[in-house]
Amino acid sequence: MRCLAVCQSELVIRMLDEILLPSFEVDFIVESKPLARRLHEAGTAVVAADPRRTDTYLKADVTPGTCVIIEDSGRRSLKKIIEAIGDAGGTLIYVLGVGSLTDFRKREEELKSQFRELNYLALSELFGGPLLTEFSRSITRLKVQQYQRLFQDADRVLILLHNDPDPDALASGLALRNVLRRTKQTAIIAAIQGVTRPENLRMVNLLDIQVESIAAAQVNEFERVAMVDVQPHYFMGAINHVDLVIDHHPEQPGYSAVYKDIRPDYGSTSTILTEHLRAVDANISERTATAMLYAIKSDTLFFNRQANRVDIEAFSYLYPLADAALIRKMEGAEITMDRLEYVLTAKQNGRLSEQVFCAFLGTSPREDFIPYVADFYLQLENVKWTIIAGIVNDSIVMSVRNLGYQRNAGEFVRKYFADIGSAGGHRAMAKAVVPLAAFRQKFGNLQAEGFTERVLSMAIEFLHEHQPGDRKLVKA
Ligand SMILES: [Mn+2]
């Protein structure tokens with residue numbers, strides 16, 4: 001294909017020359033004779049001519065198939081140039097916005113109102129993305145090198161996960177150990193309460209991940225302590241010193257850590273750690289990549305929830321390094337007979353109103369039944385919110401889910417339960433844990449049915465009190 005580029009600045013010409021050759025045959029038109037001479041001597045195909053004249057393009061043999069690129073630095077003569085190209089038969093016109101223009105969109109609109117077929121590209125937009133990625137990678141590299149140094153000579157290192165670690169916590173533990181260049185002998189991955197959910201147990205077995213159980217008091221025995229996918233407030237004051245925190249949950253006040261990297265707009269902690277590993281060019285083993293890929297998939301419900309560009313970027317980076325067949329095996333463990341029992345209980349006891357499904361499961365031996373049922377009912381066609389609660393160890397545990405573009409689930413649980421227990425989460429998923437006694441004190445001694453009614457009406461009230469300008473949530 002043939003290109004004709006109408007330019008003024010040497011930098012743009014040299015850049016286009018480098019990008020377009022050898023895939024395209026490219027000729028340049030410049031106004032300045034000295035510039036043309038200089039470029040010609042350097043071997044560039046260039047002529048000096050008046051870009052506002054039609055015969056310039058006739059001489060250059062412009063056809064409807066010629067790709068014409070015009071450098072736009074804001075000059076008024078641009079429209080004349082475009083007209084001249086059109087008169088000479090040119091149709092494929094690209095305007096390249098550079099330099100002093102500040103509002104490229106406005107310029108584009110203005111030009112397109114007159115020349116409908118024109119394409120406008122802003123140089124800063126074309127280069128901005130990759131450049132920013134590079135810069136933020138350098139910042140990440142600096143941060144990683146700092147904490148690598150802090151952990152370097154430590155005798156005993158602990159990587160602490162939240163209770164009942166999920167795939168993201170487990171994968172982040174492996175990934176951080178990789179960043180720290182340690183083995184399972186020199187950095188222990190541990191939790192105060194170990195893995196119980198069946199699919200997580202399956203992950204631990206298939207990937208041979210060792211998660212030690214430790215007591216909060218033992219944490220002080222380690223020379224360096226890191227937390228991943230969780231922040232110190234979660235342990236309610238039981239852990240008072242931490243060297244490193246890496247997490248994607250909203251940042252909590254009231255603790256100090258030597259280093260932290262908290263990115264609440266990320267879909268998973270594994271996404272953050274993928275960036276850490278990439279920033280220092282670490283080798284990622286197939287096992288770690290598989291764990292991280294599975295973690296990103298499960299924390300974002302395969303990009304259905306709270307995922308953004310960086311998660312997709314991390315996913316595509318890890319994909320060729322991971323064992324996809326193993327991931328399919330891990331996913332197969334989701335549905336179990338016990339879980340179906342609770343799905344049925346929710347069907348019997350639950351109520352659906354204004355696209356909010358609410359159910360009370362009674363006493364449950366394991367906490368994981370609750371989020372499982374909440375995720376399950378969110379798949380239903382006319383359900384946009386699910387609120388599932390049960391009693392585990394004398395506390396009400398509540399999981400809230402929504403499709404992610406409505407009011408904030410985390411805000412909902414904080415509003416009603418933060419004063420009597422722990423409550424928090426994201427826009428699309430949240431959790432509250434309230435001691436039974438505290439719950440009864442605030443809401444009375446509700447029986448199952450009364451509980452469902454009460455929570456459902458709180459949710460509907462919450463959904464109706466949207467701010468002006470908010471998207472209308474519940475359709476009639
Ligand atoms: Mn997570």
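Asp 208 sits in the loop between helix H8 (198-206) and strand E9 (212-213); helices (H or I, at least four residues) and strands (E, at least two) are DSSP runs, numbered from the N terminus. This is a predicted model, in which local features need pLDDT of at least 70, side-chain atom pairs count only at pLDDT 80 or more, and totals for chains, interfaces and linings use all residues. Residues are numbered from 1 along each chain as its sequence is written.

**Positive phi**
- Asp 208 is not a glycine, yet its phi is positive, at about 55°.
- Asp 208 counts as exposed because it has 8 C-beta neighbours inside 10 Å (exposed means 12 or fewer other C-beta atoms within 10 Å, buried 20 or more, partly exposed in between, with C-beta atoms placed from the backbone).
- Asp 61, also not a glycine, has a positive phi of about 65°.
- The loop between helix H3 (54-59) and strand E4 (67-72) holds Asp 61.
- Asp 61 has 12 C-beta neighbours inside 10 Å and therefore counts as exposed.

**Cis peptide bond**
- The peptide bond between Leu 21 and Pro 22 is cis, with omega about 0°.
- Pro 22 lies in the loop between helix H1 (10-20) and strand E2 (25-30).

**Whole chain**
- The protein chain has 17 helices and 18 strands.
- Its radius of gyration, taken over C-alpha atoms, is 30 Å, whereas a compact globule of 476 residues would have one near 23 Å (the globule rule is 2.2 Å times the number of residues to the power 0.38).
- Along the principal axes, the C-alpha atoms fill a box of roughly 90 × 60 × 40 Å.
- Buried residues make up 39% of the 476 in the protein chain.
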